[in-house]
Amino acid sequence: RYELLRSLATGGMATVYRALNVMRDRGAIERIDAGDGVARYETAASRAEDHHHHLICRSCHRVRKYSQFSEEELALMTRTEQRLQQRFGYQIVGHRIYFEGICPECQASQ
């Protein structure tokens, strides 16, 4: 996948963005929006291998992965998925969660 981007880079940035959109549409990558207009991407494979959520700072727009789930958090997520399946008839196969707030560094500087 990265080789594709490197080879497309010689065609200009519009070509790179078109390629990113194709990969996103095919489920190979995921776009993360931190609210600052900068596109961030991570591979779908990295999410599958290392399930995580994101903490996004609304001030500095830093994105932090969060994967140290407690037993209580895992149980809550399992119950939530089960209830959504029952309520709406979906077969839940995954989820993406973004928590937004102000990071400790930005809190200290305010």
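1. A disulfide would need the two sulfur atoms within 2.5 Å, and the structure accordingly holds zero disulfides.

2. The surroundings of these two residues are worth a look as well. Cys-57 counts as buried, with a relative accessibility of 4%, whereas Cys-60 is partly exposed at 33%.

3. On confidence, the mean pLDDT of the chain is 84, and 85% of the residues reach at least 70. Which elements mark the two ends of the range? Helix 1 (residues 2-9) has the lowest mean, 59, while helix 5 (residues 104-109) has the highest, 96. A friendly caution belongs here: where pLDDT is low, predicted coordinates should not be read in detail.

4. As for the fold, you will find five helices and five strands in the chain. Read from the N terminus, the order of the elements is α-α-β-β-α-β-β-α-β-α.

5. The chain has 110 residues, and 22% of them count as buried. Its accessible surface is about 8200 Å², with 52% belonging to carbon and sulfur atoms. Among contacts with a separation of 6 or more, 37% link residues 24 or more positions apart.

Key: Residues numbered from 1 in each chain as written. Predicted model: local features only at pLDDT ≥ 70, side-chain atom pairs only at ≥ 80, totals over all residues. Heavy atoms only, no water. pLDDT = per-residue confidence, 0-100. Helix = DSSP H or I, 4+ residues; strand = E, 2+ residues; numbered from the N terminus. Buried < 20%, exposed > 50% of the residue type's maximum accessible area, 1.4 Å probe, protein only. Contact = heavy atoms within 4.5 Å. Areas by Shrake-Rupley, 256 points an atom, 1.4 Å probe, with all protein chains shown as cover.
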